[in-house]
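Me: Please take a close look at a single part of this model and describe what it is built from and what lies around it. State the cut-offs as you go.

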Amino acid sequence: MKLFEYARASRPADAVGLVAGHPGAAFIGGGTELTNLMKDGVLTPDLVVDVSGLDLTGIGVSQGRLRIGATARMGDVAEHPVVRERFPVLSEALLASASPQIRNRATIGGNLMQRTRCWYFRDVGSACNKREPGSGCPAITGQNRWHAIHGGSEHCIAVHPSDLAVALSALDATVVTLGPDGRRSLALRDFYRLPGSTPHRESALRHGELITGVEIPESRLAAGSRYLKLRDRASFEFAVVSVAAALTRERGRVRDVRLAFGGIATRPWRSPEAEDALRGRPLNRATIAAAGRALVQGAHPREHNALKVELVQRALADVLEDLGGLE
């Protein structure tokens, strides 16, 4: 591991100033992600600014919105009674994200900023456009079972890893930040970037900009939500595919719906086409199948990940049947 300096911030503005004023600086919260990347030589900051002690741990509802501080622990959020009762998809996604040990250490802000589990990215001996722009993407013709069928480009097909981000996407969440130019609120749909020709630029954050919290509107949709994660083993493992769904019905028809998917795309994947296939229609097998077909329309599977096309449709069907039953 490369030698680095360490600083502990006592205020968000101090943390922002330290990182913004140093091109090679990085924030660290729980440390469950950054330290692994530093040990592997994937990231080599020369200054690490610890934000774990900042007073950003609050969890509560005010003015019709659930507000979660960026340094709140994943385990605390998952077990919070308000989250479990009114935002079940969020609790379920967090509980499926990691082992209890990780959940009790990792922070909400850090989880949103975690990096892909693509082994080419994590292996410094391999080419990777995300780690070293212009070096190539071996996953396109290599071992790509875990990789994206949506949102990829000729430069990168790495899957976004965060279960939390998928759940937040289905809840129309907002990410609140503090940067050198002040505070910003970014809709989650605008927070993550598609790889295009610049896969190393993963989010809309600027250097030195710190996530201070997330906000989620309270609604009937949020209360009627669920998360399903399919993975190779039941213990700590990343999704092969996952589904976050929030749904309301009225007079036997789907009144409104939000669908977000993990494990299939380079960022948390919303499917307006699948939502439109459900909205205003009875929730039956034919409608659910139509939504699944709409979801995978335009998918680009590779040699080893074509299984995701059918698997994500089956996962979507399971979630919708569980949420609403069948007409």
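Reply: A residue counts as buried under 20% relative accessible area, as exposed over 50%, and as partly exposed in between, with a 1.4 Å probe and protein chains only. Helices (H or I, at least four residues) and strands (E, at least two) are DSSP runs numbered from the N terminus. The model is predicted, so local features need pLDDT of at least 70 and side-chain atom pairs count only at pLDDT 80 or more, while totals for chains, interfaces and linings use all residues. Residues are numbered from 1 along each chain as its sequence is written, and side-chain values use heavy atoms, with hydrogens and water left out.

In α5 (88-95), 6 of the 8 residues are buried, so the helix is largely enclosed by the rest of the structure. The buried ones are Pro 88, Val 89, Leu 90, Ser 91, Ala 93 and Leu 94.

Leu 90 is also one of the residues with the most contacts inside the largest nonpolar core, which has 38 residues; others in that group include Phe 87, Ile 68 and Ile 216. A nonpolar core here is a set of buried Ala, Val, Leu, Ile, Met, Phe, Trp, Tyr and Cys residues joined through side-chain atoms within 4.5 Å. At least two core residues come from each of β5, α3, α4, α5, α7, α9, α10 and β8. The largest share, 6 residues, is that of α9. In soluble globular proteins, nonpolar side chains tend to be buried together.

Leaving aside neighbours within four places in sequence, Phe 87 is in contact (heavy atoms within 4.5 Å) with Val 61, Leu 66, Val 82, Leu 171, Ile 216, Pro 217, Glu 218, Ala 222 and Ser 225. A separate core, of 28 residues, lies apart from the largest one and has Leu 228, Leu 259, Ala 277 and Leu 316 among its members.

Strand β8 (residues 210-217) has 7 of its 8 residues buried. Strands pair here if DSSP finds at least two bridges between them. With β5 (residues 65-69), β8 pairs antiparallel over 5 bridges, and Arg 65 stands opposite Pro 217. With β6 (residues 174-179), β8 is joined by 5 bridges, again antiparallel; there Leu 178 has Leu 210 as its bridge partner.
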